[in-house]
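Keep the coordinates open as you read.

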Amino acid sequence: MAERAARLERMLGDPDDPANPTGTRALLRADRAGALSPEAEHVLDAYGMNEEFVPRALGGRFDSAETLLRIMRPVFRRDVALGMGYGMTTFMAASDVWMTGDRAQRGRLADLVLSGSKAAIAQHETAHTNDFVKSQIRADRDATGGLVLTGAKPVINNMQRADALVLFCRTGGPGSTGHSALLLDPRRFPEDRHRVTRRPPSVGLRGYFCAGVEFDRCPVPEDALLGAPGSGVATALRSFQISRTLMASLVVAAVDTSLRTAVLVDRTQAPGGAAHAPADSRQVAHTVTGAFTDLLLYDSLAVVATRALHLLPGETSLYSAAVKSLLPKVLSEAMYDLSTVLGSQLYTREGTVGLFQKHLRDVPVVSLGHAGTAACQATIIPQLDSLARGSWFTGEEAPAALFRPADPLPPFRYERLGIAAGGRDGLSASLLAAAACVPGGTPEARALRALAEQLVGELRDLRARVLALPPLAAGGPTSPAWFALCDRYALVLAAAAVLGVWRHSRPGRDPFLADPSWAAAALHRINRRLGLRPPDLPPGCTARVHQEVLARFGGGRSYDLYDAPVPG
């Protein structure tokens, strides 16, 4: 895992080298043109990135969601649009085929991807706030009994260059069984029965949301159906768990670069290499320490959710939705806070600071789409009542392996993913177990224990509030109270992940993660978001976290849980 990620880092090279064809200068030039960098794509081709999207059983290298996360983070650290446009869109489309396609469909797509082809997935429904169930495309039977498509999808990623298209469409009446997924070859659409439409330029992820398609009774093969007719919603709900988790987890890499840029600007130089006096003020120290803490608390849930795909696949409908729903609340806010360190330099369009501005535009866009906050809340809310009645304070805690980044995992199996968690929530149970075993020796440990106890009380209050609400009515409006409780539950899950990572870390392997200081700082920020009025942190907590910010900057190491070497 780490070796493959390190090899890609070396191939991508120093982002600050102006002669590097995959460096910051080239990526920003491509961004201004509204395109992906062809030089960077050539490097990814040379690495064999498409092999990472195909399961080993079909000739590729994919066998672990966490491995893919580690390998793609160097790409996202440099350019979110490149990571999504080159790779993750293909992987998201292919995942539906690996999960529900028959042997011939899986083999055909594997051959295409391994040969370097791109795949696209058509789910967005911009006319219906991206509610993919309200599909504007229908697949009907013509007079001969064949399938014909009618309707439009206005936003399809990679449509303009895809050799395979996974299309979600309506094949029946209303309800969850009225939709199907199709695997199509867009190169074979009759010219007079379809039209590719262009999208206006976007502010974020330029060159990514590029095209749409309109169909007018366009014939498609009978063998295009993925799975049984009417199984499209079930397929989507399972595949969303993969796409939500990985996309939300990969964005951490862009915030990592942005934090590094803020420290660089403050301590060493201004854009263009001009001397810049160090300004290690209290406010700057507070800002970068807070952003690092937010990154760690978010990455704790992101890595836990990624590992849960292997270890707790029946529960990942909860954890994938929670981590994706927190993206705009935690990472986007962290990016805004870091922008205050740059001041007027934020408007620079070149160099390292220019890349910060690009990340500032790109990161919020990732939180949109079929997996936006509202869609994630719609996944969690119907499950809250069963969790309150059958899991919280009674369920079995998650295994220790869930909280140990980069530890070995069992092979990933698509068929083990469940549409709902069935009233199970091992991560929340781990919060209770961790809170009960926090020692009280140092001021930092005592602070962590007090904060953890506050969160146990929050989970108890959350349970009482859920049980006090009237049951959800099928098809009826959802009370705003449910959305507020859902947001609080996502923060409780993040706290449980932080405590789990701290509790199960190994002091000899990662002394920083084993230190209660960062965990206390993370819980303090979570509790403040929850409005719990946490006690003040001991000075040693923030000092230790700030020290780590500077140490990782000086040592050229990533700011995520993996603490990996980064070039530049």
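Helix H5 (residues 80–100) packs against helix H7 (residues 232–250) at an angle of about 150 degrees, and their axes lie 10 Å apart. Axes are lines fitted to C-alpha atoms over the stretch in contact, with angles from 0 to 180 degrees between N-to-C directions. H5 is therefore roughly antiparallel to H7, a label for angles over 145 degrees. Contact (heavy atoms within 4.5 Å) involves residues of H5 including Met 84, Met 88, Phe 91 and Met 92. On H7, Thr 235, Arg 238, Ser 239 and Ile 242 are among them. In an α-helix there are 3.6 residues a turn, so residues three or four places apart point the same way.

This is a predicted model: local features need pLDDT of at least 70, side-chain atom pairs count only at pLDDT 80 or more, and totals for chains, interfaces and linings use all residues. Numbering starts from 1 along each chain as its sequence is written, and side-chain values use heavy atoms, without hydrogens or water.

Now take helix H9 (residues 282–311). Helices are DSSP runs (H or I, at least four residues), numbered from the N terminus.

How many disulfides does the structure hold? It holds 0, counting cysteine sulfur pairs within 2.5 Å. The sulfur of Cys 169 is 12 Å from the closest cysteine sulfur, in Cys 218, too far for a bond. Cys 169 is buried, at 1% relative accessible area. For Cys 376, the nearest cysteine sulfur is that of Cys 486, 8.6 Å away. Cys 376 is also buried, at 0%.

Methods. Helix = DSSP H or I, 4+ residues; strand = E, 2+ residues; numbered from the N terminus. Expected span 1.5 Å × (residues − 1). Buried < 20%, exposed > 50% of the residue type's maximum accessible area, 1.4 Å probe, protein only. Parallel < 35°, antiparallel > 145°, perpendicular 65-115°, else oblique.
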